[in-house]
Amino acid sequence: MKKYEYKFVKAEMKLGLDYSKKIKAAEAEWNQLGAEGWQFCKEGNGVLIFMRELEE
């Protein structure tokens, strides 16, 4: 049976007016999570939920 772990990340908007810079920062953060094996699962109530399969 597959087993999973979950990571909850508070969705925060970075301060500043440069929207392109905010997008690039978010992209870098999500790419880092992806490199660690985390897959986006769901968003709700200001929280992003990621999941990854546990290795047995």
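This passage goes through the fold, the surface and a handful of residues of a predicted protein model.

Because the model is predicted, local features are taken only at pLDDT of at least 70 and side-chain atom pairs only at pLDDT 80 or more, while totals for chains, interfaces and linings use all residues. Residues are numbered from 1 along each chain as its sequence is written, and side-chain values rest on heavy atoms, with hydrogens and water left out.

Read from the N terminus, the order is β-α-β-β. The radius of gyration is 13 Å, well over the 10 Å that the globule rule gives for 56 residues, so the protein is more spread out than a compact globule. That radius is taken over C-alpha atoms, and the rule is 2.2 Å times the number of residues to the power 0.38. Along the principal axes, the C-alpha atoms fill a box of roughly 45 × 25 × 10 Å.

As for burial, 14% of the 56 residues are buried; here buried is under 20% relative accessible area, exposed is over 50%, and partly exposed is in between, with a 1.4 Å probe and protein chains only. The accessible surface comes to about 5,000 Å², and carbon and sulfur atoms account for 54% of that (Shrake-Rupley method, 1.4 Å probe; for residues, only the protein chains shown count as cover). Turning to contacts (heavy atoms within 4.5 Å), of those between residues at least 6 apart in sequence, 56% join residues at least 24 apart.

On the charge side, there are 10 positive and 10 negative side chains, and the centres of the two sets lie 4 Å apart. Lys and Arg count as positive, Asp and Glu as negative, and His and the chain ends are not counted; each charge is placed at NZ of Lys, CZ of Arg, CG of Asp or CD of Glu. The salt-bridge count comes to one, using a cut-off of 4 Å between a side-chain nitrogen of Lys or Arg and a carboxyl oxygen of Asp or Glu. The pair is R52 and E5, at 2.7 Å from N to O. It ties together distant parts of the chain, with R52 in strand 3 (residues 47-53) and E5 in strand 1 (residues 4-10), 47 residues apart. R52 is partly exposed at 26% relative accessible area, and E5 is partly exposed at 28%.

K22 is another story. This lysine sits in helix 1 (residues 19-35) and is buried yet has no salt bridge, the nearest side chain of opposite charge being D18, 8.3 Å away. Apart from neighbours within four places in sequence, K22 is in contact with M13, K14, L15 and G16.

Further along, K42 belongs to strand 2 (residues 39-44) and is exposed at 52% relative accessible area. Residues up to four places away aside, K42 touches V47, L48 and I49. N45 falls in the loop between strand 2 and strand 3, is exposed at 85% relative accessibility, and has a phi near 55°, a positive value in a residue other than glycine. Most residues other than glycine have a negative phi.

Finally, E55 lies in the segment after strand 3 and is exposed, with a relative accessible area of 81%. E55 and A11 are 44 residues apart in sequence, and their C-alpha atoms are 27 Å apart in space.

Notes. Helix = DSSP H or I, 4+ residues; strand = E, 2+ residues; numbered from the N terminus.
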